Amino acid sequence: MNFRLVTAGVSLLALGAIASQATAATTLIYGEAGPNRGARAEALQWFANEVENRSEGDLNFNIQWGGALFKSAAALQSISDGVADTGTIISVYYPQEMSVYGIADLPLANPDAWVGMKATDEFMRNNATARQDLANKNLVYIGTFTTSAVHIGCRGDAIRTIEDIKGKKVRGTGAYGKVFGELGATMVNMSVYEAYQGLDTGLIHCTQGYSYAVNALKQHEVFDNYTLLDWGQVGGVGIFMSKDVYDSLNETQQSLLNYVGMEMSDYFGKIVNAENDRAVADMASGANGRIVEVIKLPDGERAQLVQAGTKYVDEWVKQVSRYGMDGNAMLAEYKGLIEKYTDERDSQGYPWDRNQ
């Protein structure tokens with residue numbers, strides 16, 4: 001056989017194999033406990049679409065909505081163990097395991113969704129302790145959402161003052177839920193996705209809530225009133241990936257995931273602000289077929305909530321310090337980032353409002 005022909009044949013086969021590898025798309029299985037509706041779902045779909053479009057189809061997602069793969073309380077282990085390649089983890093369901101990410105859940109009197117997300121995103125990407133803590137759990141941080149400002153919706157008597165919290169059966173999470181309990185509420189352990197049924201059946205009177213989620217979860221159907229607390233936010237809600245899977249991707253794919261994940265804060269910030277405003281207006285006007293009384297907690301009452309939450313900030317510092325981390329330094333860094341993005345918002349406006 002002619003050697004030159006053999007060489008050419010082998011070369012063609014090799015080129016064919018390389019071309020096949022180049023065109024083979026990588027599909028990542030994504031687990032999401034929430035429904036395929038609402039602001040967070042829109043942002044997640046935007047993230048998936050952007051990754052696919054910018055990679056020209058090289059990297060895409062198969063999103064399993066509504067807890068089809070796992071519920072919120074099983075997300076961390078499921079992603080770490082490879083049940084899904086990637087998915088949404090909510091830190092309040094893992095107060096020990098995700099304590100570092102839980103810094104975003106602290107009641108720091110920062111109810112601004114965009115400021116909170118930008119601070120959390122920069123902290124989780126750049127803080128070496130946070131990165132190593134996740135790596136120890138076989139996780140990699142990709143991007144963050146937020147619940148935005150914590151409010152409370154009730155069926156029956158409204159919360160107009162701190163005193164009104166006493167005797168209520170309340171679904172709450174994190175430091176916010178603990179403060180409700182200290183102020184006289186009976187706390188009921190359930191996820192935000194179960195709150196509708198809890199209110200409908202009378203198992204709970206009120207639920208810690210977030211305006212944009214009201215429409216997504218149809219909670220306006222079971223709320224009689226909704227009290228705006230403007231207290232803080234549960235910001236430890238984000239996209240995480242199995243480190244094994246992440247490490248198997250090439251550098252271009254990794255960089256794309258990180259970059260789009262970073263951009264998601266701006267995209268979600270825009271839509272969640274608009275969704276929050278719309279949800280509150282819809283409840284007040286009865287646009288969804290039922291008027292829900294919207295109440296703003298007086299500033300003096302709000303100040304009591306903020307003060308009651310400070311001890312849980314101190315407890316967080318002690319908790320992560322017990323794990324060998326410098327909790328004070330981490331908190332100082334995070335507060336500095338909140339200040340940084342608050343100043344940016346105040347001086348330049350939100351990114352989507354600039355240059356208009």
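Student: Which residues do ring pairs link into a cluster?

Tutor: In this predicted model, ring pairs join W114, Y341, Y350 and W352 into a cluster. The structure holds 15 aromatic pairs.

Student: Why is the pair of W114 and Y341 called edge-to-face?

Tutor: The ring centres of W114 and Y341 are 5.8 Å apart, and a pair requires centres within 6.5 Å. Their planes stand at 90 degrees, so the pair is edge-to-face, the cut-off being over 60 degrees.

Student: What makes this a link between distant parts of the chain?

Tutor: W114 lies in helix α4 (residues 113–126) and Y341 in helix α12 (residues 327–348), 227 residues apart.

Student: How do you know which geometry the pair of F123 and Y334 has?

Tutor: The centres of F123 and Y334 are 5.9 Å apart, with 80 degrees between the planes. An angle over 60 degrees counts as edge-to-face, and the pair is classed accordingly. This pair also links distant parts of the chain, with F123 in helix α4 and Y334 in helix α12, 211 residues apart. Both F123 and Y334 are buried.

Student: What places the charged end of R40 over the ring of F145?

Tutor: The charged end of R40 is 5.7 Å from the centre of the F145 ring. The distance cut-off is within 6 Å, and the charge must also be within 35 degrees of the ring normal. R40 is accordingly described as sitting over F145.

Notes:
Residues numbered from 1 in each chain as written. Predicted model: local features only at pLDDT ≥ 70, side-chain atom pairs only at ≥ 80, totals over all residues. Heavy atoms only, no water. Phe/Tyr/Trp six-rings, centres within 6.5 Å; stacked < 30°, edge-to-face > 60°. Helix = DSSP H or I, 4+ residues; strand = E, 2+ residues; numbered from the N terminus. Buried < 20%, exposed > 50% of the residue type's maximum accessible area, 1.4 Å probe, protein only.
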